[in-house]
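Reader: I have a new model on my screen and would like to walk through it with you. Could we take it one question at a time?

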Amino acid sequence: MCAHEDLVAVDDTGLRCALGGFSIDPWSPAELAVITHAHADHARPGCGRYLATPETASIMRTRLGDDIDVDMIEYGQRIRFGTVSVSLHPAGHVLGSAQVLLEPDAGPTWCVTGDYKTEPDPTCRAFEVQRCDVLVTESTFGLPVFRWEPDEAVVRSINEWRAANARAGRTSVLLGYSLGKAQRVLAALDPTIGPIGVHGAVRKVCAVYERHGVSFPGFVHANAETAGTLRGVGTIVAPPSVLGGTWLRRFASERGGMRTAMVSGWMAIRGRRRW
């Protein structure tokens, strides 16, 4: 077996680096977890200790509790675990997202990307290519069906849709993950079209983004108190879980009701769009 085949292997916790004594984004509790980003399928509770960027650590504390043990490491800073040097580098996915670069004392350099994107995003650091010998990469949208329009075209279509709804007296509802997608969408909204409201889960994460220097158009907490302001002319950014619930109904206007749109790469699949 080649030396590099032992650097990262799959065990009960997930991607395990035995030489460093840590797991990367473990799916079951590990003694030491190196975290690429704070989405729930990558940053899970129950680990003894975590390593993450300061931004990811802030989001993890918001989601998992202030009592978790997180060591923070800046982008590009190296830290030693056993005979392996570990550093985190921008992945461009969400605030604080990182690729994990593993440089052993002997043998090839590995890079575990986590989720990443190469398009510019004003809400997080841009992806940076890493020189390595072995690449372990996420490929959520690797199939040929996934071809994206330029960001400018997508943003324009969202704002045109909002404006058309406002003219017709309809409330616009944009659905996206409360971490990452919602903030990317929120940053792209034209505030001159109408008032903007966000679901509480989105608002909580936006507060972390703002503490780390990310700016958004003015928005309000979408709730019973602000429903009258948003109804019929406004736009609400919320997680997909609100569909079919009572929370969303309060924002439908008597004149035009509301229109919902899902902001997700999965909408490239025709069956998902019909759903």
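Author: Happy to! This is a predicted model. A word on terms before we start: helices are DSSP runs of at least four residues, strands are runs of at least two, and both are numbered from the N terminus.

Reader: Thanks! How many helices and strands does the chain have?
Author: Both kinds of element occur in the chain. Counted that way, the totals are seven helices and 16 strands.

Reader: What radius of gyration does the chain have, and does it agree or disagree with a compact globule?
Author: The C-alpha trace spans about 70 × 40 × 30 Å along its principal axes. For 275 residues, a compact globule would have a radius of gyration near 19 Å. The chain's value agrees with that, at 21 Å.

Reader: What percentage of the residues in the chain is buried?
Author: A residue counts as buried when its relative accessible area is under 20%. Of the 275 residues in the chain, the buried share is 47%.

Reader: Is glutamine 183 buried or exposed?
Author: Glutamine 183 sits in helix H3, which covers residues 181–188. Beyond its neighbours within four places in sequence, glutamine 183 contacts Thr123, Ser178, Val202, Val205, Cys206, Tyr209 and Phe216. Its relative accessibility is 0%, and the cut-off is under 20%, so glutamine 183 counts as buried.

Reader: And glutamate 225, is that one buried or exposed?
Author: Glutamate 225 is found in the loop that runs between strand E14 (220–221) and helix H5 (227–230). Exposed means over 50% relative accessible area. Because glutamate 225 has 75% relative accessibility, it counts as exposed.

Reader: Which residues are closest to the centre of the second largest pocket?
Author: That pocket holds about 200 Å³ of space. It is lined by 13 residues, and the closest to its centre are Leu15, Ile24, Asp25, His42 and Glu138.

Reader: How do the residues of that lining divide into nonpolar, polar and charged?
Author: For this grouping, Asp, Glu, Lys and Arg count as charged, and Gly is among the polar residues. On that basis, the lining of the second largest pocket divides into five nonpolar, four polar and four charged.

Key. Residues are numbered from 1 along each chain as its sequence is written. This is a predicted model: local features need pLDDT of at least 70, side-chain atom pairs count only at pLDDT 80 or more; totals for chains, interfaces and linings use all residues. Side-chain values use heavy atoms; hydrogens and water are left out. On a 1 Å grid over the protein atoms alone, a cavity is a set of points where a 1.4 Å probe fits but cannot get out, and a pocket is an open set with protein on both sides within 12 Å along at least five of seven lines; lining residues have an atom within 4 Å of a point. Grid points are joined across faces, edges and corners, and a volume is the space filled by probe spheres set on the points. Buried means under 20% relative accessible area, exposed over 50%, partly exposed in between (1.4 Å probe, protein chains only). Contact means heavy atoms within 4.5 Å. The radius of gyration is taken over C-alpha atoms; the globule rule is 2.2 Å times the number of residues to the power 0.38.
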